[in-house]
Amino acid sequence: MPKNSKVVKRELDDEVIESVKDLLSNEDSADDAFKKSELVVDVPEEKDTDVVERSEVKDERPAWNSKLQYILAQVGFSVGLGNVWRFPYLCQKNGGGAYLLPYLILLLVIGIPLFFLELSVGQRIRRGSIGVWNYISPQLGGIGFASCVVCFFVALYYNVIIGWSLFYFSQSFQQPLPWDQCPLVKNASHTFVEPECEKSSATTYYWYREALNISSSISESGGLNWKMTICLLAAWVVVCLAMIKGIQSSGKIMYFSSLFPYVVLICFLIRALLLNGSVDGIRHMFTPELEIMLEPKVWREAAAQVFFALGLGFGGVIAFSSYNKRDNNCHFDAVLVSFINFFTSILATLVVFAVLGFKANVINEKCIAENSEMIIKLVKMGNISQDIIPHHINFSAITAEDYDLVYDIIQKVKEEEFPELHLNACQIEDELNKAVQGTGLAFIAFTEAMTHFPASPFWSVMFFLMLVNLGLGSMFGTIEGIITPVVDTFKVRKEILTVICCLLAFCIGLIFVQRSGNYFVTMFDDYSATLPLLIVVILENIAVSFVYGIDKFMEDLKDMLGFAPNRYYYYMWKYISPLMLLSLLIASIVNMGLSPPGYNAWMEDKASEKFLSYPTWGMVICISLMVLAVLPIPVVFIIRRCNLIDDSSGNLASVTYKRGRVLKEPINLEGDDASLIHGKISSEMSSPNFGKNIYRKQSGSPTLDTAPNGRYGIGYLMADMPDMPESDL
């Protein structure tokens, strides 16, 4: 040992050399004590001992104010617009109540295990998606970058939907609602109903013409829609202000944005159940068609819904959990949030079908009244004999049952001439079978139903305020999936990054508020997220289960949680989930290949939608979106696999995190591995040989060695060199 004592101090904010091979395995639950500690190595004269003193400094990483705030943030992120307008549509389309069984099975097989996995790695490593996957495997570090790209793509168009909701919210403070009746057009001679509206409906016309002022194709830009541009700007301002302080500001807003939708849904359900025809809608929704459940398409769509409902792969789940304490029971959180999401979907489906049942009943009554008048005219004209009409039928107050009886009689008597009479069956099931999803459900079907509500402006305000809150909850998680990893990696100021991100997204988002903007929303929704997210989550599962090692990961969970997770998760992560995800990926690719790429364009002259194929440049954009989203994965893999960052690097298991940037560490094979133990000053040290798992600063660095979990490396050095001569110690 040297004659003179030497004291070396080191702060964790400096460079750290970390071996990814042992990054997680060498951590333990007591690691928090070392977050901002200092090391003092004092070597007294003629004593062969090392004295380590540490001072604990408060961890600077933000934390949730309470467990409730964190749970609400995760619920707000996972429960979004898809629960209201996607799940009910899939439930109706795929066998009603029978669809719930495949969904629940896949929630247990895919949803909860993968949700638990993302919560675990985020909480364990306490970094965003980029830092987490760099820790686990530098060669797969592109997973985190891919998550950020997908988050950005989704945020671009998702906030446009919030802008639409804000527009309808602002227009709801009117009596009657502006989409209640078709507008009248005046010319020199007379006044008439707008032809486009008369051919469709008042709510459909308002959506396509007044709100979107939509063009007839994606190639016809039509310029900016100034109303929607202002609404989009307002949406981004709200998101920016809510996120500018990170979880310190967004966490408080979660109390309202996450809980308010449940208040609205319960109020809507109670109100809808008191309306005529609501029970018919609920009965129709829960009437199971068991034969449909055996179709592979049902399971594919159920798996996709489970996948996207929980927000897997976006990075928001990892970002939120990274602000937890190390010993938080994230297994309980995964199960709780997953089932809250499931029951929210059930609640939303009940509300949707109760309201649609009421709407179908209103439309059916109108249909019966119109066709009854037509029958009376046909009787007077002699086309139908009065004798075939039952005597007890009163056309001025005819019921649905009586109309069905008259309709069947006329159909049998006038079998050959019946088509020429142009009578409609007026079945309430026919109206309920019209599957509506997405914007069609929220901005057309639901708005039409609310025009028949008593005090319709109040319910419209509540409904669109609920949509805004659902959208904002998901947007907070999506933006957090971008901001947290970038801040952790590049050490930029969160406030500046948030403003830049929102400003850039608004500028790019102007393509969605053109007159053709709705077609671009469809394009991004179809191509920017589905396949890239599946690839991201598959690689996440592989990285943990096979690259890092499922046995080591289970030990880490036991150390972190204080108990061993059920063996069920071991088999899910290692065997079942990867196979299910690969099957879903293949099925999605096949379905995308069989479905012609295109969009539904609104034809003004026909007042109806028409399917159009994307132009060549549109196909280029579609392919570019998918390629750009997954491109970081192979790029990072090739760079680190081939040592392209630094030609002098020899071992990819060694990564330097300097102010968050991932750099390569040069290796000096002539280094003296025992130099630290001998007490040489830093300037005399050579770069270590990483083949012996020694964690040390670069040559010439004034700071001391650290192990991968942030602790100081003396103990690890001794443990990793069993063959060191006794004299060296």
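**Close-up views of a predicted model**

View 1. Glu301 is buried, its relative accessible area being 8%, where buried stands for under 20% relative accessible area, exposed for over 50% and partly exposed for what lies in between (1.4 Å probe, protein chains only). The residue belongs to helix α12, which spans residues 296-309; helices (H or I, at least four residues) and strands (E, at least two) are DSSP runs, numbered from the N terminus. Once neighbours within four places in sequence are set aside, Glu301 is in contact with Leu90, Lys93, Asn94 and Tyr99, contact being defined as heavy atoms within 4.5 Å. The model is predicted, so that local features need pLDDT of at least 70 and side-chain atom pairs count only at pLDDT 80 or more, whereas totals for chains, interfaces and linings use all residues. Residues are numbered from 1 along each chain as its sequence is written, and side-chain values use heavy atoms, with hydrogens and water left out.

**View 2. Packing of helix α4 against helix α14.** Helix α4 (residues 100-125) packs on helix α14 (residues 330-381) at an angle of about 140°, and their axes are 9 Å apart; axes are lines fitted to C-alpha atoms, for helices over the stretch in contact, and angles run from 0 to 180 degrees between N-to-C directions. That angle makes α4 oblique to α14, since angles under 35 degrees count as roughly parallel, over 145 as roughly antiparallel, 65 to 115 as roughly perpendicular and the rest as oblique. The crossing of α4 past α14 is right-handed, a term used if the near helix is turned clockwise from the far one by less than a right angle, with left-handed used if anticlockwise. Residues of α4 in this contact include Leu104, Leu108, Phe115 and Gln123, and among those they meet in α14 are His331, Asp333, Phe339 and Ile346. By class, the contact of α4 with α14 has 16 nonpolar, five polar and one charged residues, with Ala, Val, Leu, Ile, Met, Phe, Trp, Tyr, Cys and Pro counted as nonpolar, Asp, Glu, Lys and Arg as charged, and the others, Gly among them, as polar.

**View 3. Packing of helix α5 against helix α6.** Helix α5 (residues 129-136) and α6 pack at an angle of about 160°, their axes being 7 Å apart, which makes α5 roughly antiparallel to α6. The two helices, α5 and α6, cross in a right-handed sense. On the α5 side the contact is made by Ser129, Ile130 and Trp133, and on the α6 side by Ile143, Gly144, Phe145, Ser147 and Cys148. Sorted by class, the contact of α5 with α6 has five nonpolar, three polar and no charged residues.

View 4. Because Tyr168 lies in helix α6 and Tyr206 in helix α8, the pair ties together parts that are 38 residues apart in sequence. Tyr168 is buried at a relative accessible area of 1%, and Tyr206 is buried at 7%. Tyr569 and Trp573 form a tilted aromatic pair, 5.6 Å centre to centre with 35° between the planes; they are four residues apart in helix α23 (residues 567-594), and therefore separated by about one helical turn. Tyr569 counts as buried at 6% relative accessibility, as does Trp573 at 0%.

View 5. Most residues other than glycine have a negative phi, and most peptide bonds are trans. The peptide bond from Gln175 to Pro176 is cis, with omega near 0°, and Pro176 sits in the loop between α6 (142-171) and β4 (184-186). Asn213, in the loop between α8 (202-211) and α9 (226-243), has a positive phi near 45° and counts as partly exposed at 30% relative accessibility. His422, in the loop between α16 (418-421) and α17 (428-432), has a positive phi near 60° and counts as exposed at 59% relative accessibility.

Conventions:
Rings of Phe, Tyr and Trp (its six-membered ring) pair if their centres lie within 6.5 Å; planes under 30 degrees apart count as stacked, over 60 as edge-to-face and the rest as tilted.
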